[in-house]
Amino acid sequence: MEILVLTTRPHPDQARLVLPALDLLPHSVRYAGHDVPLLMSGTDPDAVLVDARQQLAEARGTCRMLRTTGLRVPLVAVVEEAGLVAVSAEWGLDDLVLSTAGPAEVETRLRLLVARAAGASGSTGGALITSGDLSIDPDTYAARLKGRPLDLTFKEFELLKFLAQHPGRVFTRDQLLREVWGFDYFGGHRTVDVHVRRLRAKLGTEYESMIGTVRQVGYKLVLAPRPEGRLADDALAPLLT
């Protein structure tokens, strides 16, 4: 596994302090500064770790920029315990890990993230997801509604994509937190509610009901109704055969 660690102190002696457990694991580890263009011009690693132990604002900006460039591999922030409160869904992370984590924990997190990313890549296969007037392109992180591009944050896109992949199926808030934000996300149910509210606002009054609420259960993507003419044809079909 090839791991890229982005840090403001890329000198090997200092960079190894970002996550010391990496030295005890049999992986290829590269260290570099927060140079996003340089990263995108090279070959993709299996995972990217961003040093967020101290300069949280800069680390957040790096993570968000990486997501806008279409990063396909897991993105992980390395934080200190005191910095946990500053990490939010807007960072666009797949996971975070404390800088004091041991090698067993780090290895497990990386292995699960890489396997999950490989599975997601294999299952989507670049296929366009459509539901009525909504179309989602997982490869370009683009969503369109009746041809109109939707300006979505990374997590808004991921939430809409996940619901669109399972149209009509109801998911609890816990399920959505687990599937969209990850098993170790520290936020609560309000995170889901806030993102649903923002998504509905961006869908507009005509389409906001596309994300339906099932009271005391959760949310679902509402299947687009079939045109009346199609319904009539379906009803007559048995009589014409």
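Let me begin with a definition: two strands are said to pair if DSSP finds at least two bridges between them. The model before you is predicted. In it, strand E1, residues 2–6, and strand E3, residues 47–51, pair in the parallel sense over four bridges. Within this pairing, Leu4 stands opposite Val48 in E3. Helix H3, residues 56–68, packs on the sheet and touches E1, E3 and strand E4 (75–79). The direction of H3 makes about 155° with that of E3.

Turning to the sheet as a whole, it is open and has five strands in the order E2-E1-E3-E4-E5, with parallel pairing. Strand E2 (28–32) and strand E5 (95–98) are the edge strands, each pairing on one side only. On average, neighbouring strands of the sheet are turned by 25° against each other, direction ignored.

I move on to a helix pair. Helix H6, residues 173–181, packs against helix H7, residues 189–203, at an angle of about 80°, and their axes are 9 Å apart. H6 is therefore roughly perpendicular to H7. On the H6 side the contact is made by Arg173, Asp174, Leu176, Leu177 and Trp181, and on the H7 side by His189, Thr191, Val192, Asp193 and His195. These residues divide into four nonpolar, three polar and three charged.

Leaving aside residues up to four places away in sequence, Glu158 touches Tyr141 and Val180.

Note on methods. Residues are numbered from 1 along each chain as its sequence is written. This is a predicted model: local features need pLDDT of at least 70, side-chain atom pairs count only at pLDDT 80 or more; totals for chains, interfaces and linings use all residues. Side-chain values use heavy atoms; hydrogens and water are left out. Contact means heavy atoms within 4.5 Å. Helices (H or I, at least four residues) and strands (E, at least two) are DSSP runs, numbered from the N terminus. Axes are lines fitted to C-alpha atoms, for helices over the stretch in contact, and angles run from 0 to 180 degrees between N-to-C directions. Angles under 35 degrees count as roughly parallel, over 145 as roughly antiparallel, 65 to 115 as roughly perpendicular and the rest as oblique. Ala, Val, Leu, Ile, Met, Phe, Trp, Tyr, Cys and Pro count as nonpolar, Asp, Glu, Lys and Arg as charged, and the others, Gly among them, as polar.
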